[in-house]
Amino acid sequence: MSEEQSAPVCYRHRNRQTYLRCVRCDKPICADCRIDAPVGFQCPDCVAEGRRTMRKTRSSFGGGARAGAAGTVTKVLIGANVAVFVLAIVSELVAGGTIQAVTGSAMTPLHWLGAEIGFLPGYSTEVTVSVFGASITAPVVAAGGYFRMITAMFLHFGAIHLLFNMVVLWMLGRILERDLGPARFLAAYFLSGLAGSVAVYLFSYDSFTAGASGAVYGLFGLLIMVNRKLRRDNQGIYVLLGLNLVLTIFMGFSLAGHVGGLVGGLICGAILTFAPRERRQLHWIGFAVFLIALAAITFFQTGALDNRFDVV
């Protein structure tokens, strides 16, 4: 038997003779199949198996180390807010309104349906409005319209209101999404916004409120806690937060919603930073407990308003 006939062949290309072998499984591989390794070469099967069994790098808070680097969730949230703003303007124009929805504080049909209206004593407990030609009736929060606490987070009064919130969301959101990972960041964002809505329902139930401000202020609180955990300087965040709170007071914005969101962000940050590194599943348990607490406060307030004003 000749040397040429006895030469091994590549396990993937049976018509190719080779003297190269995988350093892991010792299977013969040709030049096209070989993959450079720290020592020698590996076959495609061993490289694929190594990738499957390789432990993924995690951030300090349990998210994938690179999962939030692109800021995808932040971009989607900004896109959703802008899309709802455009829809609100269109709904106003279709209903025969003016472009005031862009520059002022007009209540468009979408605002009447989705803004947080806790309860207005002396007014109806539900709102009926024509949206894109369809007549839709929606209850206020005290009459069971709890969805308003979420939908209000995507509605804004004018372009300046939207622009301010989106700029801060862009600045802080990408940092937090990178540090926490997309899932934890998104959960904390919505819990902070919901905390702001609950605070409005408690202390300003007889008002019309909307905006992502509660969630955005929650990002301030969340970043403060994350920076403390990672030993980063918070001085700039304190200054920016202080200026925003002063602006909230002097401009007559929803102080309850802003402070409620800030407290919600601090609580979410505490859940993320105080849980032991080896027990990151406690993050989700903590979030669930916080959500239950917010729901309990909301139902308690509904009962109190029902007893006080005979809400139907």
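Guide: Rings of Phe, Tyr and Trp count as a pair if their centres lie within 6.5 Å, and in this predicted model the structure holds nine such aromatic pairs.

Visitor: Why is the aromatic pair of Phe154 and Phe190 called tilted?

Guide: The two rings lie 6.1 Å centre to centre with 45° between the planes, and because planes under 30 degrees apart count as stacked and those over 60 as edge-to-face, the rest are tilted. This pair links distant parts of the chain, with Phe154 in the loop between helix H6 and helix H7 and Phe190 in helix H8, 36 residues apart.

Visitor: What makes Phe154 buried and Phe190 partly exposed?

Guide: Phe154 has a relative accessible area of 17%, which falls under the 20% limit for buried, whereas Phe190, at 27%, lies in between that limit and the 50% above which a residue is exposed.

Visitor: What makes the pair of Trp284 and Phe287 edge-to-face?

Guide: There are 80° between the planes of Trp284 and Phe287, and an angle over 60 degrees counts as edge-to-face. Being three residues apart in helix H12, these two are separated by about one helical turn.

Visitor: Why is helix H8 called oblique to helix H9?

Guide: Helix H8 and helix H9 pack at an angle of about 120°, with their axes 7 Å apart, and because the roughly perpendicular range runs from 65 to 115 and roughly antiparallel begins over 145, H8 is oblique to H9. Among the residues making the contact are Phe185 and Tyr189 of H8, which also belong to one aromatic cluster with Phe154 and Phe190.

Terms used
Residues are numbered from 1 along each chain as its sequence is written. This is a predicted model: local features need pLDDT of at least 70, side-chain atom pairs count only at pLDDT 80 or more; totals for chains, interfaces and linings use all residues. Side-chain values use heavy atoms; hydrogens and water are left out. Axes are lines fitted to C-alpha atoms, for helices over the stretch in contact, and angles run from 0 to 180 degrees between N-to-C directions. Helices (H or I, at least four residues) and strands (E, at least two) are DSSP runs, numbered from the N terminus. Angles under 35 degrees count as roughly parallel, over 145 as roughly antiparallel, 65 to 115 as roughly perpendicular and the rest as oblique. Contact means heavy atoms within 4.5 Å. Rings of Phe, Tyr and Trp (its six-membered ring) pair if their centres lie within 6.5 Å; planes under 30 degrees apart count as stacked, over 60 as edge-to-face and the rest as tilted. Buried means under 20% relative accessible area, exposed over 50%, partly exposed in between (1.4 Å probe, protein chains only).
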